[in-house]
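The following note concerns the pockets of the model shown below. It is set out as numbered points for discussion.

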Amino acid sequence: MRIAVLGAGGKVGRVLVPALERGGHEVRAIGRGDPVDVAGLDAAVDFTTPDAGPGNVRACLEQGVPCVVGTTGFDLAPLGEIARERGIPLFHAPNFAIGAVLMMRFAAEAVAYLPRAEIVELHAESKRDAPSGTAKATAALMGGDPPIHSVRLPGLVAHQEVLLGGEGQLLTIRHDTTSREAFVPGVLLALSRLSELPPGLTVGLDALL
Ligand code: NAP
């Protein structure tokens, strides 16, 4: 596939671009200040910032290019509307790491039996949005409104604990992302399935597994 990577110079982009090239894809790297010139490409992937993401994705959709969005911290619903009107798929996963998807599933299952739950999400200090998209998605899957605590510190990549407390017991479900390689298989999966998705917004790796 011919794929634009927006945010190619970022922490995720720097891992993703070589992985896509190793997989035989042709990559157009787009960084801050570069024109979003993607017409004719098969797909665009955005891992930028909550400020830049909406404009980037809109520009790609307006050029008729389906998008995979990793950037978190902004509302994708209006872009989903544009994608639907134009008959283009738009995919977003709040977390492209398979272990995180399993953590969310297990937490949703556990809360039926241990309803007193809280979420602690811990990320690199460069992550601008809080709470994380994964924490919000986990809370939504858990059906209630578990409190979310956000930690931003150097030395962290992306980590989340779901704590479920009962009388005399505590269940902790924890996922640790120790390198950005964790996100690559999920992005590759989304790209490989993008053309099969319906027009408009699809959210979550679960929809592809
Ligand atoms: P990062 O290291 O800050 O990288 C962001 C990159 O985007 C930087 O290279 C930045 O350039 C570039 N950029 C800024 N504005 C741009 C624009 N208008 N057009 C093109 N590029 C632009 O962040 P990261 O850790 O890679 O994460 C990126 C985003 O993905 C964040 O929102 C993060 O929360 C999210 N994320 C999601 C997942 C997931 O699984 N869904 C996983 C990891 C991260 P400068 O350096 O010049 O500013």
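1. In this predicted model, the lining of the largest pocket comprises 15 nonpolar, 16 polar and 8 charged residues. Here Ala, Val, Leu, Ile, Met, Phe, Trp, Tyr, Cys and Pro count as nonpolar, Asp, Glu, Lys and Arg as charged, and the others, Gly among them, as polar.

2. The lining of the largest pocket has 39 residues, and those nearest its centre are Val-12, Phe-47, Thr-48, Thr-49 and Thr-71. A pocket is an open set of points on a 1 Å grid where a 1.4 Å probe fits, with protein on both sides within 12 Å along at least five of seven lines; lining residues have an atom within 4 Å of a point. The space in the largest pocket is about 960 Å³.

3. At least two lining residues of the largest pocket come from each of helix H1 (11–22) and helix H5 (133–141). Domain 1 (2–92 + 182–207) and domain 2 (98–178) each contribute at least three residues to the lining of the largest pocket.

4. The second largest pocket has about 230 Å³. Its lining includes Thr-71, Phe-74, His-92, Lys-136 and Val-203. By class, this lining has 5 nonpolar, 5 polar and 1 charged residues.

5. H5 provides the largest share of the lining of the second largest pocket, 3 residues. Domain 1 (2–92 + 182–207) and domain 2 (98–178) each supply at least three residues to that lining.

6. Residues are numbered from 1 along each chain as its sequence is written. Totals for linings use all residues of the predicted model, whereas local features need pLDDT of at least 70.

How values were computed: Predicted model: local features only at pLDDT ≥ 70, side-chain atom pairs only at ≥ 80, totals over all residues. Heavy atoms only, no water. Points joined across faces, edges and corners; volume = space filled by probe spheres on them. Helix = DSSP H or I, 4+ residues; strand = E, 2+ residues; numbered from the N terminus. Domains from an automatic or database assignment.
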